[in-house]
Each structure stands twice: as C-alpha cells, then as structure tokens.
Amino acid sequence: MSALEAVLRRTSWSKVTEDAPTRDQLLPLIAAAGRVADHSSLRPWRLIELRGDDRLALGAAIAKANGDDKPSSKPLRAALLIAVVVSYRKSDKVPHWEQEAVASGVAHTLSLLLDEAGWGVIWRTGGYTRSRAVAEAHGLAENEELLGWLYVGGKPQGKDAGRRKPIDADALLTRLPAGRRES
C-alpha cells in the first residue's frame, strides 16, 4: 500500500476490541513515526504506554480533574492507550508551537502506521488533558504537556469505522492575495 492509499484509507475507530499490539510490535512503528520533520532534531516528544491498571489510575486522575466522585471509565475503552507528550526543549531557533507540531506529527504518523498494521485507532483528548491531576498521573516534567491519547485496539469484525467526507482540496489550497505577490 502506498502512503497516499494509507492516508486516504485512515479513519478513526471509536470502538475497538480488547486486542492490542504488543510492545515489541509498537517499537518499530514508533521508530518510523519519529522520522517526522523535526527542526534542529530536538525530538521534543515522548510516548507513554498505558495498559491494564494504568488505565484505572488514569480514570481516577480524570475524575479528580473533573471533580467527580467515581473514576472515569473512558480509559477502559481500549486495551492500549498511548499518551502523546510534548517535551519542550530549550532552543533559540525552534519555538514551542513548532515543537508541539512535531509531537502532533509523531502521533498522527503513528496512528497511520497502526492503522496500516491492522489496528483500530482514535486520538482522544478532553478538557482534563492538561490538568494537574492528569499530568501528575503521567509523571510529566515541568517542560512537558500532554496532547492526548491514542486509543488502540482490534478492529471489530464486520464493522466499518465509517468514512469521512471527501476533502475539497481545491478550496483549501489557495494563493497569496493578488496584491501581495510578485508577478
């Protein structure tokens, strides 16, 4: 499958089975995803693997962040969650927004690679994503922020994730306004 075909086929899977890739299956995909464009090769990202009881701890942290009495069941929607963390590096050339874009690029590329490998994936966030309780649960350092989680599992048999509407590329690819460009 070409990269174009993989991207066109990609969709989010909101419901997945309890199957999940092993750590050994993840490592080559993460190594490939880490090849995104990265100004100054700062590698301003890391990933945190959450399985089993890790998901219960996250549910308790989400409840704390939301002021709820009962732990959130959201982290139990997939057997594997991969937390996407931007780890800001000191740089005079690469601003924080660009470092966050690199971490986002790694997450998106990893989701494409997981999809191509046959796994269902959805990137989830929430208002609690950058709360203190959730940051502490993930052991984030002062220079880090959580961007969300890739929920990963098996694709249910006989189910289709659904497809997005086609993109009108012509409407989204524009030129500088005529008065601002040289002839």
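Reader: How many positive and negative side chains does the chain have?
Author: Lys and Arg count as positive and Asp and Glu as negative, with His and the chain ends not counted. The place of a charge is NZ of Lys, CZ of Arg, CG of Asp or CD of Glu. Here there are 27 positive and 23 negative side chains, and the centres of the two sets lie 3 Å apart. One caution: this is a predicted model, in which local features need pLDDT of at least 70, side-chain atom pairs count only at pLDDT 80 or more, and totals for chains, interfaces and linings use all residues. Residues are numbered from 1 along each chain as its sequence is written, and side-chain values use heavy atoms, leaving out hydrogens and water.

Reader: Which elements make up the chain, and in what order do they run?
Author: Helices (H or I, at least four residues) and strands (E, at least two) are DSSP runs, numbered from the N terminus. This chain has six helices and four strands, in the order α-α-β-α-β-α-β-α-β-α.

Reader: What share of the residues is buried?
Author: Buried means under 20% relative accessible area, exposed over 50%, and partly exposed in between, with a 1.4 Å probe and protein chains only. Of the 183 residues in the chain, 39% are buried.

Reader: Which residues of α2 are buried?
Author: An α-helix has 3.6 residues a turn, so residues three or four places apart point the same way. In α2, the buried residues are L26, L29 and A33. They lie on the same side of α2 because they cover an arc of only 70 degrees around the axis, judged by the directions from the helix axis to the C-beta atoms. On the other side of α2, D24 and A31 are exposed.

Reader: What do the buried residues of α2 pack against?
Author: Contact means heavy atoms within 4.5 Å. The buried residues of α2 pack against β1 (45–51), β2 and α4.
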